[in-house]
Amino acid sequence: PASAIRPEQAAPPPSPRSGGFDSGAVAAIKDYLLARGATPGVVGQTFQLVWEEVKRYSLDPTLVLALILQESGYNPKAHSGVGAKGLMQIMPATGQGLGLRGADFYDPVKNVKAGIRYLAEMMSRFGGDVKKALAAYNAGPGAVEKYNGIPPYKETKGYVKNVYATYLQLYRLVFN
């Protein structure tokens, strides 16, 4: 329905430790990620880290889990052709601004913490607009500001569409 609350308008889901997620929802999310190619041993470790870290920034953990799936498929050693590194595919200059150095980019804990912080900065910068924040994560905040929305780049448009669709699926696994 048109009046339904979209995920980004809802309060962040509670942590599994607070009793907010039942084990069925957690298992369903992990199964979803694994069925889409996530690296098996990394999913469980990343899952708990994300849930703990998003509390600092009031982010929806299902958004972060969707972003990691798109960025690296949960491969902490991922390295893109343009130089993005680790689980959240952080670019060198961005990572340095977030305190990452050298091997830190491939340290799952440091990479995820930095990536969540950066996503939170983009969410704040773009007034909580998930699609603009995702576009900024992919193409840079300057591009989003220049075009006052998702830039007309094929890669960025596809990225936002894919991450957002996965986000909605994960959100529904938890709340429906």
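**Core, helices and loops**

A: Start with the largest nonpolar core, which has 52 residues. Those with the most contacts inside this core are Leu33, Val50, Val64, Tyr74, Met88 and Leu119. Keep in mind that this is a predicted model.

Q: Which helices each supply at least two residues of this core?

A: They are α1, α2, α3 (61–72), α5 (108–125), α6 (130–139) and α8 (154–175).

Q: And where does the largest share come from?

A: From α8, with nine residues of the core. As a general point, nonpolar side chains tend to be buried together in soluble globular proteins.

Q: Back up a bit. How many helices and strands does the protein chain have?

A: Eight helices and zero strands. From the N terminus on, the order is therefore written α-α-α-α-α-α-α-α.

Q: What percentage of the residues count as buried?

A: The protein chain has 176 residues, and 48% of them count as buried. On contacts, take the pairs at least 6 apart in sequence: 51% of those contacts join residues at least 24 apart.

Q: You listed Val50 in the core. What does Val50 touch?

A: Leaving out residues up to four places away in sequence, Val50 touches Pro61, Val64, Leu65, Ile68, Val112 and Ile116. Val64, like Val50, is among the core residues with the most contacts.

Q: Is the crossing of α1 and α2 left-handed or right-handed?

A: The crossing is right-handed.

Q: Which residues meet there?

A: On the α1 side they are Val26, Ile29, Lys30, Leu33 and Leu34. On the α2 side they are Pro40, Val43, Gly44, Phe47 and Trp51. Sorted by kind, the residues of this contact are eight nonpolar, one polar and one charged.

Q: Where is Tyr74, and is Tyr74 buried or exposed?

A: Tyr74 sits in the loop between α3 and α4 (92–97). Tyr74 counts as buried because its relative accessibility is 0%.

Q: What about Gln89: what is its phi?

A: Near 50°, again a positive value in a residue other than glycine. Gln89 also belongs to the loop between α3 and α4. With a relative accessible area of 9%, Gln89 is buried.

Q: One more loop, between α2 and α3. What does Tyr57 touch there?

A: Tyr57, which lies in that loop, touches Ile116, Arg117 and Ala120, not counting residues up to four places away in sequence. Tyr57 and Ile116 are 59 residues apart in sequence, yet 8.1 Å apart in space, C-alpha to C-alpha. Tyr57 is partly exposed, at a relative accessible area of 29%.

Q: And Ser58: buried or exposed?

A: Exposed, with a relative accessible area of 54%. Ser58 is in the loop between α2 and α3 too.

Q: How far is the C-alpha atom of Ser58 from that of Ala120?

A: The two atoms are separated by 8.2 Å, while Ser58 and Ala120 are 62 residues apart along the chain.

Definitions and conventions: Residues numbered from 1 in each chain as written. Predicted model: local features only at pLDDT ≥ 70, side-chain atom pairs only at ≥ 80, totals over all residues. Heavy atoms only, no water. Left-handed = near helix turned anticlockwise from the far one by under 90°. Helix = DSSP H or I, 4+ residues; strand = E, 2+ residues; numbered from the N terminus. Contact = heavy atoms within 4.5 Å. Nonpolar A, V, L, I, M, F, W, Y, C, P; charged D, E, K, R; others polar. Core = buried A, V, L, I, M, F, W, Y, C linked by side-chain atoms within 4.5 Å. Buried < 20%, exposed > 50% of the residue type's maximum accessible area, 1.4 Å probe, protein only.
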